[in-house]
Amino acid sequence: MAFSHTINGTTYRFEDLKTLLARATPARSGDNLAGIAAASEIERAAACFALADLPMKHFLNEAVIPYESDDVTRLIVDAHDAEAFQAISHLTVGQFREWLLDSQRTSEALASVSRGLMPEMVAAVSKLMRNQDLILAASRIRVITRFRSTIGLPGTMAVRLQPNHPTDDPRGILASVIDGVLYGCGDAVIGINPASDSVGSAIRLLQLIDDFRQRFEAPIQSCVLTHVTNTIEAIRQGAPVDLVFQSIAGSEKANASFGVTLSLLREAQEAALELARGTIGSDCMYFETGQGSALSAEANLGVDQQTCEARAYAVARAYRPLLVNTVVGFIGPEYLFDSKQIIRAGLEDHFCGKLLGLPMGCDICYTNHTEADQDDMDTLLTLLGVAGVNFIMGVPGADDIMLNYQSTSFHDALYIRKVLGLKRAPEFEAWLEAMQIVDVRGNFTFSRTTFERLLPAATEVSL
Amino acid sequence: MSEDISRTEPWHVLTQWTSARIAMGRVGSSLPTKAVMEFNADHALARDAVYASLDLAEMQEQFAQAGFTTLVARSRAQSRSEYLRRPDLGRSLDPVCAAELQLKNIEESGMLSVVVADGLSALAPRLHAAPLLKQLCEGLGHWKLDSVVLATQARVALGDEIGELRGAEAVLVLIGERPGLRSSDSLGAYLTYRPRVGRMDSERNCISNIRPVGLGYEQAAFRLKHLLERARILGATGVSLKDESDDLPALQ
């Protein structure tokens, strides 16, 4: 179906839904690279008018990637909850924006429509929203998940402790873990990106963090961010796997480029559930996504990168994840050129994920070939803190010495806690107190005992 | 700044185990001034590495001295700025080079083509490609080494087209990785079996962070030889080929 809008006597036509969505998207380099962006600002404005008039019901009848050829589309259509959709089925996309921003909209009201929303609907409305709209709407949505800690409670924000080391050196990794814990981080997960993609190496790292957890009776979960097939093999070999990690994307072809299928993800989830290692919950999946991943695999199929990203969230929500992390600035300038585009994308991803019912975190980050720096990360961190992000990354000094990019640091987490009064996951906060790292008010209160207990953990590790 | 108001952290001893920025100290919740300035200087170095170019004459000389013959190639990206915005151009050969690289009379010879590429840091191949390749050549077994192709404004997938033109059984791309703040010279090695245009990233195996203070030449060459051997048995690289070289005795 074609759409059009006329501005000052010029009529702009959009041949189908995916073209309309692409033309209405705020400018970003990835959509230019794909050759699907609006040719001018005025064409973009016209597309937004046409999109605002589109009935929400239209999305039920036109898929951006055909149902027959794509299993992500089949997942979206087959899982759509028509009853949950009822409350908003009479609206246009433009009216849906106002529905979201209406001050009557409670956390419960927003959660109740979540399963009635297709990712394309959410992507569409986000294109009509300003940054402040994305922040305001997201700040009203709470998504709470549990494994050994509770993540996403109102007034809290968690941190993934990311202790990467370029050669997976166990002492080097533990040194960063201890540093992070002493700065009060690690309540989302201790998650290691391994340098080696071997199963044996992953198992050694899993054992390392699990030993640390047991030695200090810490209410933490660990994860080695290796390919899902490696994790399945590690489980088979009896390794202490808490969470299953996988990068996912918004089309079947893009997922194939990651070497995954929906059934493989299900198999991995079932294997991890069978271990039943969570103490207060069984949310055991950890997904990472990022705008541009489908295009980089030449698997965007004419769909704009932000809509592709929202479709990845439809994949994620089929597996009840503990954590979903949009790694917003990692992919590079060909997809998000500069800090303006990274900041916008981070807010879009957080909003879209939350509205679709996901426990969204954000790796607020940039690479050294992108036009961005730490000042821009401060800005996005502050905005996402206000928006109620579930978790952020904690990398020593914001400098990941294995993946070679810059993210947020333990200090950054302390900053945002201070300015916004955000607490840690309650189980973790209590543990930090028991370890005499913080006092009852959450202030650092190191004692000699703290160091005498913690520091040997790094030196005594068997290599 | 000799009188820092920030304290030295009591766990400073842990810095012996990692080059990560740990035990940095704090004033309130914020970083000490010196740490902020050091970070900014390192960011400046990394930014400069991205824009450095590969000196072909110097590289040819370096490889000749190490006993390798070389060819040159460039992608269709005309400048660094275009390279950064248009990865598609960096994955595709300039047509002139394609004609020059075309190998006549391709035989089923078990040939390994090696592409040495600038990627996002020309510093990495300049420092590490030749020494790594020397290590790799020792005990390469049944693989026959092709001339080394020096490629500029190149992405990893450029190796697919080059390998296909050379009729290679496998292509190894040694490429400058995106510079980090403390590693502006990291070399990545990507192995693709039966290279041809259109191979997906899941059909490659990668070894990253090759440099003396990261993964050393000897270890990297050992892993690559292991991958080459397994790739030939399996008839494929990528997610179906697990890197189990960690578990082999030679690395213990």
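1. Two residues are in contact if their C-beta atoms, placed from the backbone, lie within 7 Å. By this criterion, 46 residues of chain A are in contact with 48 residues of chain B.

2. This is a predicted model, in which local features need pLDDT of at least 70 and side-chain atom pairs count only at pLDDT 80 or more, whereas totals for chains, interfaces and linings use all residues. Residues are numbered from 1 along each chain as its sequence is written, while chains are lettered from A and ligands numbered from 1 in the order in which they are written.

3. On the side of chain A that touches chain B, the elements giving two or more residues are helix H2 (29–33), helix H10 (170–182), helix H11 (199–216) and helix H19 (410–420) of chain A. Here helices (H or I, at least four residues) and strands (E, at least two) are DSSP runs, numbered from the N terminus. H10(A) gives the most to this side, with seven residues. The residues of this side of chain A comprise 19 nonpolar, 20 polar and seven charged. Ala, Val, Leu, Ile, Met, Phe, Trp, Tyr, Cys and Pro count as nonpolar, Asp, Glu, Lys and Arg as charged, and the others, Gly among them, as polar.

4. Chain A contains an open sheet of eight strands in the order E7-E6-E5-E12-E11-E10-E9-E8, with parallel pairing; two strands pair if DSSP finds at least two bridges between them. Its edge strands are E7 (222–224) and E8 (244–247) of chain A, each of which pairs on one side only. From one strand to the next, the twist averages 25 degrees. Axes are lines fitted to C-alpha atoms, for helices over the stretch in contact, and angles run from 0 to 180 degrees between N-to-C directions.

5. Ser222(A), in E7(A), is the bridge partner of Ile190(A).

6. Chain B contains an open sheet of six strands in the order E1-E3-E2-E4-E5-E6, and the pairing is mixed. Strand E1 (70–74) and strand E6 (204–210) of chain B each have a single partner strand, so one side of each is left without a neighbour in the sheet. The twist averages 20 degrees from one strand to the next.

7. Five bridges pair E1(B) in the parallel sense with strand E3 (residues 144–152) of chain B. Within E3(B), Val149(B) is the bridge partner of Leu71(B). Helix H8 (residues 217–234) of chain B packs on the sheet and touches E4, E5 and E6 of chain B; its direction makes about 10 degrees with that of E5(B).
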